[in-house]
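Please look over the sequence and the structure before reading on.

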Amino acid sequence: MQWKIHGERPIYENSWVNLWLTDVETPDGNRWEHHVVKLRHLAVAAVVNERREVLMMWRHRFITDAWAWELPMGLVEEGETPADAAAREVLEETGWRPGPIEPLIYAEPANGITDSQHHVFRADGATYEGPPTEKNESDQIEWIPLADVRGMIDRREIVSSGSLVGLLYVLMDEAIR
C-alpha cells in the first residue's frame, strides 16, 4: 500500500537539519500533514586491519549524554561521493588513511520520519598519517579486535546505528570468509 503525497513545504531549514510538512493521504483515504526530517546523508567506514581489528573512536554524544565506541563517520559534503566522504572522515577523525574503500551496506535508519541515507563502507588496512585534524571528535582512537565487538554491543558500548549496521555486517562477512 502506497501513501499519496499531495505536496510538501519546509517549516525549518538549516545546514544540519530540515523539517518539512508533507501533505499525505493513506490508502484508507485519511489525509494529514506528516512531519518529515530531511538530513544530509552519512558516510561510515569500517576499517579492518590484517590482525582482524577494527578502527574505532571512544566519544561522548551530548544529545544522549552517553559515551560509546563508534566507527568514523560524517556527513557527505556537496559534490562529494559517499565513498570519498567515508575516506575523508577516517583520516580527519583518526589520523589513519584507509586502504581502498568498498561499499559494504546501505541503510535508511529511520525512514518513517527521515530521509537520511547511511552509506557504510569497508576498508581493509590503513596507513597512519599523524594526529587527527578533527580535534573534537573523540577522546580515544583504538584498533578493537573484531572478536570483542559482539560483547561490546551486548554491553551497549556500541550504540550508534551507523556503527552497529557496519560492524554487524563486517562480522557476518568475516564469518563466511
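## Terms and basis

A salt bridge is counted when a side-chain nitrogen of Lys or Arg lies within 4 Å of a carboxyl oxygen of Asp or Glu. The model is a predicted one, in which local features need pLDDT of at least 70 and side-chain atom pairs count only at pLDDT 80 or more, while totals for chains, interfaces and linings use all residues. Residues are numbered from 1 along each chain as its sequence is written, and side-chain values use heavy atoms, with hydrogens and water left out.

## Two domains

The protein chain is split into domain 1 (4–38) and domain 2 (42–176), with bounds that come from an automatic or database domain assignment. Their centres, taken over C-alpha atoms, are 31 Å apart. Six residues of domain 1 and five residues of domain 2 take part in the contact, where contact means heavy atoms within 4.5 Å.

The size of an interface is often given as the accessible area lost when the parts come together. Between domain 1 and domain 2 about 400 Å² is buried, 59% of it on carbon and sulfur atoms; this area is found with a 1.4 Å probe and summed over both parts. Zero salt bridges are counted between the two domains, but three residue pairs are in polar contact there, both residues being at pLDDT 80 or more. A polar contact is a pair of N or O atoms within 3.5 Å; within protein, one must be able to donate a hydrogen and the other to accept it, and residues adjacent in sequence count only if both atoms are side-chain atoms.

## Nonpolar cores

The largest nonpolar core has 20 residues, and Val54, Met56 and Leu71 are among those with the most contacts inside it. Strands E4 (42–48), E5 (53–61) and E7 (73–75), together with helices H2 (146–154) and H3 (161–176), each supply at least two of its residues. Another core, of twelve residues, lies apart from this one and includes Leu55, Ala85, Val90 and Ala123. Such a core is a set of buried Ala, Val, Leu, Ile, Met, Phe, Trp, Tyr and Cys residues joined through side-chain atoms within 4.5 Å. Buried means under 20% relative accessible area, exposed over 50% and partly exposed in between (1.4 Å probe, protein chains only). Helices (H or I, at least four residues) and strands (E, at least two) are DSSP runs, numbered from the N terminus.

Beyond four places in sequence, the contacts of Leu71 include Val44, Val54, Met56, Gly166 and Leu167.

## Salt bridges

There are 18 salt bridges in the structure. In one of them Lys38 pairs with Glu8, the closest N and O atoms being 3.3 Å apart. Lys38 is in strand E3 and Glu8 in strand E1 (residues 4–13), 30 residues apart. Glu8 is partly exposed, at 42% relative accessibility.

Glu70 forms a salt bridge with Arg61, with closest N and O atoms 2.7 Å apart. Glu70 is buried at a relative accessible area of 4%, whereas Arg61 is partly exposed at 33%. Arg122 forms a salt bridge with Asp173 at 3.5 Å between the closest N and O atoms. Arg122 lies in strand E10 (residues 118–124) and Asp173 in helix H3, so this pair ties together parts 51 residues apart in sequence.

Note on methods: Buried area = accessible area lost by both parts, 1.4 Å probe.
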